[in-house]
Amino acid sequence: FGPHDYDSGPPPPPEFSEDEAMPNSNASAIIVPVDPSVQATLKALSSQIDSMKSPDGSKKHPARTCDDLKRCYPLKKSGEYWVDPNQGSAEDAIKVHCNMDTGETCISANPSTIPRKVWWTASRNKPVWFGADINSGTHFTYGNKDQPVNSVTVQMTFIRLLSKEASQTITYHCKNSVGYEDARTGNLKKAVILKGSNDLELKAEGNNRFRYTMVEDSCSQASSNWGKTVLEYRTQKTARLPIVDIAPVDIGGPNQEFGIDIGPVCFL
């Protein structure tokens, strides 16, 4: 045997006569029946793949964030949608408000209102935290009533990681209680203190990174009429929000009442 016998390569392709190589002239006349159930399945799969590529914010196909939803569907209106920031199973998706003008993902407090009444009747030198110190007070919680707190906590962590900034508004309703500036002294010593979710205290004065902004204030002097102080905090350190507690400073008297509206926390 010569060396070429071991290296003869693959067998040559089969040879066809010219007639055999020609396409079947009757092929176009053959109609293959298509099972309607197969067609329906293919159609369903096709739309499922489309919605996986561009989730529409429904419970079945939640978006990652409202900003993603806005990019995929720029004509959608602001309103309630489902998001799944951790991109796992859609089972732990949460319902949020999407601001489709800005792309912000907003999560409401639950409850979002603290009733107006006398909450504290004692003197104390240090701040009285609503959730930590007042008997029937609670820390602020977020998400819908019908959703597990754990799902909201996990998803909020992922939203923070996916966002560049966060903001929130708190409204302090007052009767005979200063909320921000004390008109009598002209200083901010009686301004309420807010607590961020990483336990950081946000105040009216001091380091401007930890300082909230006053938007409106009609709580600057003692009055038997209800007034309100609206405060906003905006930050690029998303771990600081949402607000989880508030410490009113000018309370303790029998005629000093307050209530709170907790605005949604918004991430972008």
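This is a predicted model: local features need pLDDT of at least 70, side-chain atom pairs count only at pLDDT 80 or more; totals for chains, interfaces and linings use all residues.

Colleague: Which residues have the most contacts inside the largest nonpolar core?

Modeller: The general idea comes first. In soluble globular proteins, nonpolar side chains tend to be buried together. In this structure the largest nonpolar core has 46 residues, and F140, Y142, Y212 and I246 have the most contacts inside it. Strand 5, residues 166-175, gives the most to this core, with 4 residues. At least three residues come from each of domain 1 (41-102) and domain 2 (106-267).

Colleague: How many helices and strands does the protein chain have, and what percentage of its residues is buried?

Modeller: The chain has 4 helices and 12 strands. Of its 268 residues, 38% are buried. The accessible surface comes to about 16,300 Å², and carbon and sulfur atoms account for 52% of that area. Contacts may also be read by their separation in sequence: among those between residues at least 6 apart, 67% join residues at least 24 apart.

Colleague: How should I read a charged residue that is buried? Where is K195, for example?

Modeller: One looks for a side chain of opposite charge and asks whether the pair forms a salt bridge, for which the cut-off is 4 Å. K195 is in strand 6, residues 193-196. This lysine is buried yet has no salt bridge; D199, the nearest side chain of opposite charge, is 4.7 Å away. K195 touches W129, L200, E201, P242, I243, V244 and D245, not counting residues up to four places away in sequence.

Colleague: What should I look for in the backbone itself?

Modeller: Most residues other than glycine have a negative phi, and most peptide bonds are trans. One therefore notes the departures from this pattern. The peptide bond from N110 to P111 is cis, with omega near 0 degrees, and P111 lies in the loop between strand 3 (104-107) and strand 4 (113-117). The bond from L241 to P242 is also cis, with omega near 10 degrees; P242 is in the loop between strand 9 and strand 10.

Colleague: Which loop holds Q87, and is Q87 buried or exposed?

Modeller: Q87 is in the loop between strand 1 (79-83) and strand 2 (94-99). Its phi is positive, about 55 degrees, although Q87 is not a glycine. Q87 counts as exposed because its relative accessibility is 52%, and the cut-off for exposed is over 50%. D199 also has a positive phi, near 70 degrees, and lies in the loop between strand 6 and strand 7 (201-202). With a relative accessible area of 57%, D199 is exposed.

Colleague: Why does S54 count as partly exposed?

Modeller: S54 counts as partly exposed because its relative accessibility is 25%. S54 lies in the loop between helix 2 (36-53) and helix 3 (66-72), and touches C72 and Y73, not counting residues up to four places away in sequence.

Technical notes
Residues are numbered from 1 along each chain as its sequence is written. Side-chain values use heavy atoms; hydrogens and water are left out. A nonpolar core is a set of buried Ala, Val, Leu, Ile, Met, Phe, Trp, Tyr and Cys residues joined through side-chain atoms within 4.5 Å. Buried means under 20% relative accessible area, exposed over 50%, partly exposed in between (1.4 Å probe, protein chains only). Helices (H or I, at least four residues) and strands (E, at least two) are DSSP runs, numbered from the N terminus. Domain bounds come from an automatic or database domain assignment. Contact means heavy atoms within 4.5 Å. Accessible areas come from the Shrake-Rupley method with a 1.4 Å probe; for residues, only the protein chains shown count as cover. Lys and Arg count as positive and Asp and Glu as negative; His and the chain ends are not counted.
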